[in-house]
Amino acid sequence: SLYRSICRLGKPESQSCLQFQQDGFLVLEGFLSAEECAAMQQRIGEIVAEMDVPLHCRTEFSTQEEEQLQAQGSTDYFLSSGDKIRFFFEKGVFDEKGNFLVPPEKSVNKIGHALHAHDPVFKSITHSPKVQTLARSLGLQMPVVVQSMYIFKQPHFGGEVSPHQDASFLYTEPLGRVLGVWIAVEDATLENGCLWFIPGSHTSGVSRRMVRAPVGSVPGTSFLGSEPARDNSLFVPTPVQRGALVLIHGEVVHKSKQNLSDHSRQAYTFHLMEASGTTWSPENWLQPTAELPFPPLYT
C-alpha cells in the first residue's frame with residue numbers, strides 16, 4: 001500500500017503510520033503556527049472583499065426555462081472551477097433578485113478549486129517544506145495537487161456535509177492514491193462542526209461515484225451507486241485546535257454537522273494524488289486542463 005513506507009521513519013511516526021493505516025485518518029496537532037493560520041485568514045478576507053458574485057447567483061427566478069438556465073449556469077460554474085478561484089454560497093443567502101440577505105463575507109460556503117495554484121499565500125502553504133516532508137514520509141513518489149478549497153462553515157448556517165468518501169469525487173485506478181490534507185485555520189469543535197470519521201472504513205472500496213455528464217447536459221453530473229445507510233454510532237468526532245492537520249485517506253467515510261454556534265470553523269483543505277502508476281478517471285468532474293495540469297507537490 002501507498003502508505004507503508006511511512007514506517008521508515010522514527011518510532012513516533014511509525015506509530016502514526018500504523019494508526020493511519022488502521023483508521024484511515026490521522027490528526028497531527030500543531031502542524032501550522034498561529035501566524036501561518038492568520039496569514040491564510042487575512043488573505044481569504046482580501047479575496048472575499050474583492051469577489052465578483054457569479055451571475056447565476058444573481059438571477060431572478062421566473063419561468064421554468066430560466067430556472068434551467070440558472071441550474072446550467074451553476075453547473076458550468078462548478079464544472080469549470082478546477083483551474084480557477086471561484087465562490088460557492090450557502091443556501092438562502094440571496095433574495096429572488098440576487099441581493100445578499102446577509103453580509104457577503106458571511107454568505108460564502110467555500111472558495112475553490114485552485115487556490116493552491118493561483119494564490120501566493122495558499123501556494124506557499126500547500127508546497128511548504130513541512131507538507132513536502134510529510135508527503136515524503138508517507139512514501140509519496142510523485143504527488144500532484146489536484147484541488148484545494150477554503151471552507152468557511154459560517155456561524156449559525158454553515159451547512160452539514162453528509163457522510164461521503166473523497167474518492168467518490170476524485171476517483172483513481174487503482175484506488176488508494178488520493179490523500180486529503182485538511183488544515184484547521186480555526187479551532188474545530190463539537191459545537192461548530194468538526195469532522196467525524198468511521199475508523200477503518202477506508203478498506204472496502206467506494207460505494208458511490210460522481211461522474212461528469214456529456215457536455216451541455218443538465219445536471220452536469222450524475223451518481224453511480226449510492227451511499228449505504230451507515231450506523232451513526234460508528235462515527236467518531238475529531239475536534240482539533242487551530243493549526244492542526246488531519247490526513248484523510250481517499251476512501252475513509254467522514255462527515256461534519258451543521259454549525260449552530262456563534263463561531264466559524266474555517267479550514268483550508270487540498271487533495272494529493274500519487275501520480276506514479278495511477279490513472280485519474282476521465283469521468284471525474286475535475287479534470288486537469290492545458291492552463292493548469294495538476295502541479296507536482298515537490299518543488
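## Exercises on a predicted model

In this predicted model, Phe88 has Lys110 in strand S3 as its bridge partner.

**Exercise 1.** Determine which strands pair with S3, and in which sense.

*Solution.* Step 1: strand S2, covering residues 85-89, pairs with S3 in the antiparallel sense, and 5 bridges connect the two. The bridge between Phe88 and Lys110 was given above.
Step 1: strand S4, covering residues 143-151, also runs antiparallel to S3, joined by 4 bridges. Here Gly112 stands opposite Met149 of S4.

**Exercise 2.** State whether S3 is mostly covered or mostly open.

*Solution.* Step 1: a residue counts as buried when its relative accessible area is under 20%.
Step 2: for the protein chain as a whole, 52% of the 299 residues count as buried.

**Exercise 3.** Decide whether the radius of gyration of the protein chain agrees with that of a compact globule.

*Solution.* Step 1: for 299 residues, a compact globule would have a radius near 19 Å.
Step 1: the protein chain has 19 Å, and therefore agrees with the expectation.
Step 2: the C-alpha atoms fill a box of roughly 60 × 40 × 40 Å along the principal axes.

**Exercise 4.** Describe the secondary structure and the contacts of the protein chain.

*Solution.* Step 1: the secondary structure consists of 7 helices and 15 strands.
Step 1: among contacts with a separation of 6 or more, 82% join residues 24 or more positions apart.

Key: Residues numbered from 1 in each chain as written. Predicted model: local features only at pLDDT ≥ 70, side-chain atom pairs only at ≥ 80, totals over all residues. Heavy atoms only, no water. Rg over C-alpha atoms; globule rule 2.2 N^0.38 Å. Buried < 20%, exposed > 50% of the residue type's maximum accessible area, 1.4 Å probe, protein only. Contact = heavy atoms within 4.5 Å. Pairing = 2+ DSSP bridges.
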